[in-house]
Amino acid sequence: MVLPLGRRGRFVFLLVWLVSAAYVFPFRFRGWIPHDEGVLAQEAEYVFNGEMPHRDFPDIYTGGLSYWNALAFRVFGVRLTSLRLAFFLCFLAFVPAVYAIASRFGTPLVSGLVTLLAVVWSVPNYFAGSAAWYNLFLATWGALALLRHVETGRRRWLFLAGALAGISCLFKVTGAHLVAASLLFLVYREQQLSAPAGRFPGQRRLSGFLLFKAAGLALFLTLLFLVVRDRLAEMEFMYFLVPSATICCFLISREYQEGGGPFVRRFSVLMGLILPLAAGALLPILLFLVPFALGGGLDDFTRGVIAGTGAHVKQRFFMPTLSAFWPAVPYTIVLGAGSVRRFRFAWPLLILLAATLAAALWLSGNSQAIYRAVWYSARFLGVSVVSAACLRLADAHRRGFWGTETRQKIFLLACLVAMMSLLQFPFAVPFYFFYFAPLVILAIFALVGSEPEPPRLVHAAMFAFYLLFALLRTNTSYIFTFGHHFERYDSSAVLGLPRAGGLRVPPAEALVYGSVIPLVQETSGGRPIYAGPDSPEIHFLSGLPDAAPRGASSPRDPLGRPEELFRILREKGTRVVILNRNPPFHRLRAALLTRFEEYFPNSREIGRFIVRWKD
């Protein structure tokens with residue numbers, strides 16, 4: 001069964017689904033990052049008008065998201081909020097997958113509560129149609145498909161998991177993390193399927209398949225290291241490499257302890273698992289590429305995806321020092337300990353824990369130090385749960401308190417957490433944690449829910465604490481202060497522009513764009529405009545065409561070729577330019593600003609923009 005079939009299970013699921021929808025619905029038009037919203041909307045409009053990503057314009061992702069957003073424009077209208085409505089529908093499909101996974105490790109009621117925890121640690125914190133959210137949604141459904149394969153042994157679920165991973169790659173190349181997690185899981189599953197019945201714990205054996213597996217895993221870790229090495233500080237090493245290395249060490253250890261059987265037979269079993277997954281992953285990608293091949297844009301697509309990936313890797317955001325990990329240590333120890341029997345001073349310690357958590361929750365609203373300690377305790381639980389899961393799995397192999405199916409399910413979720421955490425690389429800003437936080441929650445619940453004697457009251461206290469912290473401190477804040485301090489986000493103003501669709505933003509932002517867009521429309525004479533650097537939202541909100549070149553060979557920043565840009569502005573008769581004095585990625589050089597002043601003598605400063613025009 002994908003979802004619980006019992007009457008109580010169906011009732012709890014329906015209730016959780018409705019509560020999740022009702023809670024998240026008010027967030028659908030709340031807040032924005034102007035540049036990101038503008039990029040997504042502008043690229044969707046290009047596709048809506050018949051253009052192809054990478055061939056006709058540079059797409060920041062693979063291209064699938066632009067097609068999805070173009071479909072949203074066709075259904076809901078050409079405005080920013082249409083992208084949010086399409087995203088909300090996908091969120092509604094995400095909730096059942098979370099509940100279905102959770103229900104495999106606990107009662108319907110507890111599974112419902114865990115689902116609600118996953119919800120508040122996801123899209124309410126940043127409700128926007130970012131590609132990484134779709135990576136999360138598809139990874140969750142992919143995990144459910146792999147769980148169904150474990151339960152039924154049918155390979156069609158592997159094919160489905162692969163297809164979901166392939167679709168995820170079409171939204172953003174980081175969908176490949178789901179492929180990597182699935183492959184690591186299948187390596188473990190093959191070992192479990194092939195383990196000789198006569199082997200006992202402690203019987204070690206070197207074999208050709210062990211060497212083959214070790215070589216493959218070593219190659220995987222080497223490639224991962226080469227990807228992250230240029231941005232490898234101590235915390236990046238802990239956060240991005242240690243979980244994957246832990247997974248690989250566990251796999252090699254299990255093979256050494258329990259592996260056996262002829263190489264050819266085992267290789268055949270492994271390929272029998274990998275091939276359906278690979279076929280499923282390749283199918284949507286190949287279908288997506290057919291129009292590019294027929295339209296002569298396959299080379300442009302390849303170059304565009306590589307260039308886009310390279311542009312993302314060039315961005316960098318350092319994580320905190322390793323000392324920031326200490327708030328996560330206590331709960332990491334609890335997870336690693338697994339089952340803990342009651343002891344004499346348990347109740348006083350529980351009371352102390354509850355008092356400490358209550359005080360931390362209260363003080364986090366005013367104390368930056370307390371807020372950061374709580375934030376770090378949550379953010380580094382991904383590393384904690386992977387390490388704890390491998391530790392408990394090794395113990396389960398020795399002592400036999402989990403069956404093979406339970407072990408495989410826990411290991412699958414640990415692999416997902418280890419690989420999906422790479423969604424944060426290299427731009428590891430704090431809010432990127434939300435892109436895989438629900439998977440961390442599910443992995444923790446799988447580990448705790450499978451323990452014979454877990455310290456339930458401790459876990460219940462931590463559940464309540466993180467639920468309230470999300471409700472009170474992150475859902476009411478916004479991405480600009482996540483991980484630093486608590487500040488209530490003011491989105492009381494409506495962006496009163498036709499193409500905004502009723503988006504709610506801070507009053508200052510509404511005032512700026514409510515002044516810039518009408519001025520641009522008035523002075524442009526309906527001709528193409530230039531807005532930059534990094535100001536695609538101006539083009540979309542004004543509804544005016546972009547004068548800058550946007551072909552496959554065009555630079556992502558037109559100011560990189562100023563002579564070509566000014567020539568095109570003259571040829572297209574551009575009458576107005578909008579210059580961003582505080583762009584997020586590129587910079588406006590003083591020499592170029594002087595040239596704009598010469599060509600467009602009239603000006604008006606509005607917020608961070610300078611609007612220049614000529615009569």
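# Close-up views of a predicted model

**View 1. The lining of the second largest pocket draws on several helices.** Helix α14 gives the most to the lining of the second largest pocket, with 9 residues. This is a predicted model, in which local features need pLDDT of at least 70 and side-chain atom pairs count only at pLDDT 80 or more, while totals for chains, interfaces and linings use all residues. Residues are numbered from 1 along each chain as its sequence is written, and side-chain values use heavy atoms, with hydrogens and water left out. The helices and strands named in these legends are DSSP runs numbered from the N terminus, a helix being H or I over at least four residues and a strand being E over at least two. Besides α14 (346-363), the helices α13 (329-337), α15 (368-379) and α19 (456-474) each supply at least two residues of the lining. The pocket is lined by 36 residues, and those nearest its centre are Val334, Leu349, Leu353, Val458 and Met462. Its volume is about 1100 Å³. A pocket is found on a 1 Å grid over the protein atoms alone, as an open set of points where a 1.4 Å probe fits, with protein on both sides within 12 Å along at least five of seven lines, and lining residues have an atom within 4 Å of a point. Grid points are joined across faces, edges and corners, and the volume is the space filled by probe spheres set on the points.

**View 2. Strands β5 and β6 form a hairpin.** Strand β5 (residues 602-606) pairs with strand β6 (residues 609-613) in the antiparallel sense over 5 bridges, where pairing requires that DSSP finds at least two bridges between the strands. Asn602 has Trp613, in β6, as its bridge partner. Between the strands of this hairpin there are 2 residues, and Gly607 takes a positive phi near 60 degrees.

**View 3. A cis peptide bond joins Gly532 and Pro533.** The omega angle of this bond is about -5 degrees, and Pro533 lies in the loop between β3 (530-532) and α21 (536-542). Asp534, which is placed in the loop between β3 and α21, has a positive phi of about 55 degrees although it is not a glycine. With a relative accessible area of 13%, Asp534 is buried; here buried means under 20% relative accessible area, exposed means over 50%, and partly exposed lies in between, with a 1.4 Å probe and protein chains only.

**View 4. His54 has a positive phi although it is not a glycine.** The phi of His54 is about 75 degrees, and this residue lies in the loop between α2 (34-48) and α3 (64-76). His54 is buried, its relative accessible area being 3%.

**View 5. A nonpolar patch lies on the surface.** The patch is formed by Phe212, Phe263, Val264 and Phe267, which together have about 360 Å² of accessible area, a value that comes from the Shrake-Rupley method with a 1.4 Å probe, only the protein chains shown counting as cover for residues. Patches are made of residues with over 30% relative accessible area and no salt bridge, like charges being joined within 9 Å and nonpolar side chains (Val, Leu, Ile, Met, Phe, Trp, Tyr) within 5 Å. Helix α11 (residues 263-294) provides the largest share of the patch, 3 residues. Val264, found in helix α11, counts as exposed at 65% relative accessibility.

**View 6. Glu255 and Lys213 form a salt bridge.** The closest N and O atoms of this pair are 2.8 Å apart. Because Glu255 lies in helix α10 (residues 234-258) and Lys213 in helix α9 (residues 208-228), the pair ties together parts that are 42 residues apart in sequence. Glu255 is buried at 1% relative accessibility, and Lys213 is buried at 6%. The structure holds 20 salt bridges, each being a side-chain nitrogen of Lys or Arg within 4 Å of a carboxyl oxygen of Asp or Glu.

**View 7. Arg581 and Glu605 meet in a salt bridge.** The N to O distance between their side chains is 3.0 Å. This pair links distant parts of the chain, 24 residues apart, with Arg581 in the loop between β4 (576-580) and α23 (590-599) and Glu605 in strand β5. Arg581 counts as partly exposed at 43% relative accessibility, whereas Glu605 counts as exposed at 55%.
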